Amino acid sequence: MATGPVIEDKTFLEFHDNDIIVRSWKVEDLPTVLVLCKKFAVTQNMPTKFMTTKKLAEDGFGEHPWFHSWLAETTTSGEPITIGFAMVSLSWDMCRGLVLEGLYTDENWRKKGVARKLVKAVAEFALENSCKYIKWMSLKDNDNANSFYNKIAKLYGPVNECYVKVT
Amino acid sequence: MASALEGQYLKKDNSNIVIRKWEESDLENMSKLLRKVTETQDYPEQCLDIESLRKDMFGTQVWLYGYLAEVVIQGEAVSIGIAVANLSYNLSRVLSITILYILPDWRNKGVGRGLLDAMKQFAISLKCKFIHWTDEYKNTIVTNISKKKADYTQPHWIMYTMNEADMEKLLKPS
């Protein structure tokens with residue numbers, strides 16, 4: 001079994017436009033990121049009670065990470081404030097790719113280019129790791145998100161997400 | 001993680017169909033089976049040469065996990081089906097199945113169920129809560145499987161994709 005992680009995330013991918021910086025998560029970011037993750041989960045109708053920093057640490061920073069992740073922060077008021085995150089998992093569909101599992105901008109920071117900067121970080125990571133695609137799902141009626149996605153990606157079409165409970 | 005992936009032979013029933021985790025010696029068979037999958041569906045990008053598969057399946061960073069179904073015919077093991085999955089994350093661990101394929105002559109014989117069961121056991125060993133797949137409505141065979149096998153489905157989703165050209169365009173300085 002592979003040991004890792006060996007994919008080298010760049011620690012900083014800096015976009016200084018409007019003092020918004022995108023960088024990889026570190027373990028010390030988790031309490032702040034957890035707040036955003038829970039807000040994201042609510043928008044996706046997902047339960048939040050089992051989400052903990054311990055689980056995120058095990059899953060994201062353990063010997064075999066389940067995801068790679070970035071956060072967007074701003075320093076406009078002096079102290080850095082976390083205003084968004086992106087999370088991907090490795091995918092393989094006849095070639096390497098990424099699934100964008102989560103993309104979220106704090107509601108006070110929308111329409112300021114934060115999501116675009118996060119997706120740029122994901123795209124850079126994808127190309128560095130020889131990925132041929134990034135794919136993600138969006139709710140059909142999420143007009144704000146979809147109007148952004150239509151500018152940067154191709155609409156593949158409607159899909160049904162199917163789950164089988166194993167525990 | 002290494003111990004979760006041990007245990008090769010999961011099922012051997014009277015039909016001599018064996019479901020097992022793939023090994024490096026299976027690379028050539030896997031490449032052939034995966035190429036058969038590409039005959040049935042459009043995959044614009046493919047990296048199915050043996051070396052790419054070796055790196056992605058058995059390298060220091062593993063991109064895909066899977067099981068083979070095989071049957072012994074005249075003393076020789078023949079691969080008749082394949083299931084491929086990724087480690088996915090929906091704010092909790094999920095095993096996401098991207099490919100489930102059985103050779104046409106071996107369908108409706110429980111091979112798909114065997115591969116899905118193997119995936120379930122693998123998911124449990126990894127402490128996943130769910131296995132998952134996406135069902136594109138145009139594929140009626142998969143849709144029918146989803147109706148029978150999925151505990152729940154979430155319609156109302158649309159999928160977006162970016163290829164390399166889209167990524168490069170996004171990263172171009174404006």
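**View 1. Where chain A and chain B come together.** In this predicted model, the area buried between chain A and chain B is about 7,200 Å², and carbon and sulfur atoms give 64% of that. Buried area is the accessible area (1.4 Å probe) that two parts lose on being put together, summed over both. In chain A, Trp66(A), Trp92(A) and Tyr163(A) lose the most area to chain B, together 14% of what that side buries. Contact (heavy atoms within 4.5 Å) joins 67 residues of chain A with 69 residues of chain B.

**View 2. A salt bridge across the two chains.** Here the side chains of Arg96(A) and Asp56(B) meet in a salt bridge, 2.6 Å from N to O. The term stands for a side-chain nitrogen of Lys or Arg within 4 Å of a carboxyl oxygen of Asp or Glu. Between chain A and chain B the count is four salt bridges. Several elements of chain A each supply at least two residues of the side that touches chain B, including helix 1 (30-43) and strand 7 (154-165). Strand 7 of chain A gives the largest share of that side, twelve residues. Helices (H or I, at least four residues) and strands (E, at least two) are DSSP runs, numbered from the N terminus.

**View 3. Inside the largest nonpolar core.** This core has 101 residues, and Trp92(A), Leu98(A) and Leu34(B) are among those with the most contacts inside it. Its largest share, nine residues, comes from helix 3 of chain A. A nonpolar core is a set of buried Ala, Val, Leu, Ile, Met, Phe, Trp, Tyr and Cys residues joined through side-chain atoms within 4.5 Å. Leu98(A) touches residues including Phe125(A), Ile134(A) and Trp63(B).

**View 4. Two loop residues of chain B with positive phi.** Leu91(B), in the loop between strand 4 (76-89) and strand 5 (93-102), has a phi near 60°, a positive value in a residue other than glycine. Leu91(B) counts as buried because its relative accessibility is 9%. Asn108(B), in the loop between strand 5 and helix 3 (111-125), also has a positive phi of about 60°. At 84% relative accessibility, Asn108(B) counts as exposed. Buried means under 20% relative accessible area, exposed over 50%, partly exposed in between (1.4 Å probe, protein chains only).

**Reading the views.** Residues are numbered from 1 along each chain as its sequence is written, and chains are lettered from A and ligands numbered from 1 in the order in which they are written. Local features need pLDDT of at least 70, side-chain atom pairs count only at pLDDT 80 or more, and totals for chains, interfaces and linings use all residues, while side-chain values use heavy atoms, with hydrogens and water left out.

Note on methods:
Lists of a residue's contacts leave out its neighbours within four places in sequence.
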